[in-house]
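Dear colleague,

I am passing on the structure we spoke about.

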Amino acid sequence: MAKTIVIKQIGSPIRRPAKQRQTLIGLGLNKMHKVRELEDTPAVRGMINKIPHMVEIIEEKG
């Protein structure tokens with residue numbers, strides 16, 4: 001079974017660069033306090049590391 005990671009959006013993309021908004025959308029987040037469970041891959045970790053001020057890691061399953 002693959003490792004998964006649960007992330008939550010805690011920051012608004014308003015007045016942020018377009019790249020940060022696109023990264024949020026790439027993670028499947030678009031509204032405040034939305035929670036997603038994603039596969040824990042280097043690509044997902046990289047996107048989270050680009051916007052650590054806007055997302056929070058809630059849980060790491062695996």
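**Ile10 and its surroundings**

Leaving aside residues up to four places away in sequence, Ile10 touches Met32, His53, Met54, Val55 and Glu56. Please bear in mind that this is a predicted model. Ile10 sits in the loop between strand 1 and helix 1. With a relative accessible area of 37%, Ile10 is partly exposed. Its C-alpha atom is separated by 14 Å from that of Gly28, a residue 18 places away along the chain.

Arg15 belongs to the loop between strand 1 and helix 1 as well. Its relative accessible area is 83%, so Arg15 is exposed. The phi angle of Arg15 is near 60°, a positive value in a residue other than glycine. A positive phi is also found at His33, where the angle is near 65° and the residue is again not glycine. His33 is placed in the loop between helix 1 and strand 2, and at 51% relative accessibility it counts as exposed. The cut-off for exposed is over 50%.

Three strands form an open sheet in the order 2-1-3, with antiparallel pairing. Strand 2 (35–39) and strand 3 (55–61) are the edge strands, each pairing on one side only. From one strand to the next, the twist averages 25°.

Strand 1 (residues 4–9) is joined to strand 2 by five bridges in the antiparallel sense. Within that pairing, Thr4 stands opposite Glu39, and Ile5 stands opposite Leu38. Strand 1 and strand 3 are paired over six bridges, also antiparallel; here Ile7 has Ile57 as its bridge partner. Five of the six residues of strand 1 are buried, so this strand is largely enclosed by the rest of the structure.

**The nonpolar core**

Which residues make up the largest nonpolar core? There are eleven: Ile5, Ile7, Leu24, Leu27, Leu29, Leu38, Val44, Ile48, Ile51, Met54 and Val55. Strand 1 and helix 2 (42–50) are the elements that give two or more residues to this core. In soluble globular proteins, nonpolar side chains tend to be buried together.

Val44 is one of the core residues. Not counting residues up to four places away in sequence, Val44 touches Ile5, Leu27, Leu38 and Glu39.

Gln20 is part of helix 1 (residues 18–26). Is Gln20 buried or exposed? Its relative accessibility is 18%, so Gln20 counts as buried; the limit is under 20%. The side chain of Gln20 makes a polar contact with the side chain of His53 at 3.3 Å. With residues up to four places away in sequence left out, Gln20 touches Ile51, His53 and Met54. Of these, Ile51 and Met54 are listed in the largest nonpolar core, and His53 and Met54 are also touched by Ile10.

Thr23 lies in helix 1 too. At 8% relative accessibility, Thr23 counts as buried. Its contacts, apart from residues up to four places away in sequence, are Met47, Lys50 and Ile51.

**Salt bridges**

How many salt bridges does the structure hold? There are three. In one of them, the side chains of Glu37 and Lys61 meet at 3.4 Å, N to O. Glu37 lies in strand 2 and Lys61 in strand 3, so the pair ties together parts that are 24 residues apart in sequence. Both ends are partly exposed: Glu37 at 44% relative accessibility and Lys61 with a relative accessible area of 34%.

Asp40, Arg45 and Glu60 are linked in a network of salt bridges. The side chains of Arg45 and Asp40 meet at 2.8 Å, N to O, and those of Arg45 and Glu60 at 3.1 Å, N to O. Arg45 lies in helix 2 and Glu60 in strand 3, so that pair ties together parts that are 15 residues apart in sequence. As for accessibility, Arg45 counts as partly exposed at 25% and Asp40 as partly exposed at 23%, whereas Glu60, at 52%, counts as exposed.

Regards

Key
Residues numbered from 1 in each chain as written. Predicted model: local features only at pLDDT ≥ 70, side-chain atom pairs only at ≥ 80, totals over all residues. Heavy atoms only, no water. Pairing = 2+ DSSP bridges. Helix = DSSP H or I, 4+ residues; strand = E, 2+ residues; numbered from the N terminus. Axes fitted to C-alpha atoms, helices over the stretch in contact; angles between N-to-C directions. Buried < 20%, exposed > 50% of the residue type's maximum accessible area, 1.4 Å probe, protein only. Polar contact = N/O pair within 3.5 Å; in protein donor to acceptor, adjacent residues only side chain to side chain. Contact = heavy atoms within 4.5 Å. Core = buried A, V, L, I, M, F, W, Y, C linked by side-chain atoms within 4.5 Å. Salt bridge = Lys/Arg side-chain N within 4 Å of Asp/Glu carboxyl O.
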